[in-house]
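Here are some friendly notes to read alongside the model. Please keep the 3D view open and find each residue as you go.

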Amino acid sequence: MTTPQPASAPEAGHWRTFLWLWGSQALSVLGGGLTGFALNIYLTQTRFPLDSQRAELAQALSLTALGWTLAALAGGPLAGALADRWNRRRMMLTCDLLSALLLLALTAVIVLSTPPAWLLVVFTVLQGLVGTFHSSAFDTSYSALVPRDRLPRANGMMQTIWSLSGLLSPALAALLIGLPALARRGDQGSLTAWLAGWTDGVPLALLLDAGSFVIAAAVVWRLSLPNPPRADLNAARRPSLLADMTFGWTYILARRPLLNLLLTFAVVNLMTSALGVLHPLLVRFTLAGDLKAHGVGTETALATLWTAMSAGGLIGGLLVSTTGGLRRRRVLGVLGPMVLAGALHALSGVAGTLTLTALCIAGFGIMTPIMNAHSQSIWQSQVPTHMQGRVFSVRRLIAQFTSPLSTAAAGLLAATHSPGALLLWTGVVMLIVSAAQLLNPVLRRLDDPAEPAPAPGDARPAMTP
């Protein structure tokens, strides 16, 4: 039996194409970080500035965040099915241009009026839908460009840009948001008069994000990307769109090692997706004594933790990118860092001081891109390229459906339990689950050469789970 291969082996020159694609994606990820931070600032300081509007602000922040997440998850199966049917280059190009148009429309609304909160929720829902279509086309495109031995390196580079955005976007967005106030204080020449008339620089951040999507579209338009053909679409009995949307479920459920890995990530996401809720509470209550003793403000402490997470993620991404990751037994590159991440997650809840907590969070950040890069490499190696859109969309749905549950549960539990205790016990659960999977013989077989179970219409023998 042989390991499933892509329809055609990537050529050496495709690595240069991947670098161009990666660079354009890095720019749009940075722009997306600007938009996310700018919208939060707009809701906090402009749309709901009064203390009496605390409930409305909390509702708007949660609905915009959940709107994006739920739209991306719900649209995933359709996006994946279409990514395997349509030309992926055109799909990315269309999504980049649609994202730019959405941002330009929102900019116009904010400049000309005061948009209601529901309109911002609609924007994030549409942004989530367009984003999941783009991701389905993008993820399946670069796996066809990169040779299999370079997949961990490529995925480490992809992880790096998210961490780099987490470091740069808040500072850059804060600078942009403050530019109108600076323009009003100085001499208002022809170049700054229009800027001084704005309440803040939120529209400027949105415009830069729109520009990043236009540049990404221009790069994709100039590239030649492989689009593996599907023989079953030309058959007399071609599968329906509904059959393609359910194909990923059939594929994953027939492969116990991949399913085990996926369920492990679902548990990890359940344990860790509420950090955006727990870290502010940890700073406000658990670390209050240490902050007071050292004269550190709440805002500074929270920024320290977020910077530590992003800096750790950047280091972890660079480690995988430069070393190339594991070429064999890549499952150990997933589960080993996952065990360490669980331990560090637990320790962050009981560290007691800002310095030790930041070190634990930075260590957690280092482990995250390492395990994610190896996991992505396993899926890209195991799933034939022409099936990846359908399979990867369901994969994301299964792994990430626990994220909204985690956020909701943290909001309820934090009302009666210490945030430090919640971090401790969720970290312990993550450690135990991932350590147990190291002993799981089914998961240890994940890198074994094996023939895949037949897809609908294929004539291959089934793999024994």
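1. Let us begin with a term: a residue is buried when its relative accessible area is under 20%, exposed when over 50%, and partly exposed in between, using a 1.4 Å probe and protein chains only. S348 counts as buried because its relative accessibility is 4%. This serine lies in helix α13, residues 330–348. Helices here are DSSP runs of H or I with at least four residues, strands are E runs of at least two, and both are numbered from the N terminus.

2. Before going further, a word on the source: this is a predicted model, in which local features need pLDDT of at least 70, side-chain atom pairs count only at pLDDT 80 or more, and totals for chains, interfaces and linings use all residues. Residues are numbered from 1 along each chain as its sequence is written, and side-chain values use heavy atoms, with hydrogens and water left out.

3. What does S348 touch, leaving aside its neighbours within four places in sequence? The list is L282, T357, C360, I361 and L423, where contact means heavy atoms within 4.5 Å. The side chain of S348 also reaches the backbone oxygen of H345, at 2.6 Å.

4. Now the whole chain. The protein chain has 18 helices and 0 strands. Of its 465 residues, 50% are buried. Among contacts with a separation of 6 or more, 84% join residues 24 or more positions apart.

5. The buried residues of α3 include R88, M91, M92, C95, S99, L103 and I110.

6. Helix α4 (residues 117–145) holds A144 and also T124. A144 is buried, at 7% relative accessible area, and T124 is buried too, at 5%. Which residues does T124 contact, beyond its neighbours within four places in sequence? They are L39, T64, G67 and W68. W68 is 56 residues from T124 in sequence, yet their C-alpha atoms are 5.1 Å apart. Likewise, A144 and L225 are 81 residues apart along the chain, with 8.5 Å between their C-alpha atoms.

7. Next, look at helix pairs. Helix α9 (residues 256–272) packs with helix α17 (residues 419–438) at an angle of about 170°, their axes 9 Å apart. Axes are lines fitted to C-alpha atoms, for helices over the stretch in contact, and angles run from 0 to 180 degrees between N-to-C directions. Residues meeting here include N260, T264 and V267 of α9 and T426, V429 and M430 of α17.

8. Helix α9 also meets helix α15 (residues 388–400), where the axes come within 7 Å and cross at roughly 45°. These two helices are therefore oblique to each other. On the α9 side, the contact uses L262, L263, F265, A266 and N269, and on the α15 side R395, I398, A399 and Q400.

Notes. Parallel < 35°, antiparallel > 145°, perpendicular 65-115°, else oblique. Polar contact = N/O pair within 3.5 Å; in protein donor to acceptor, adjacent residues only side chain to side chain.
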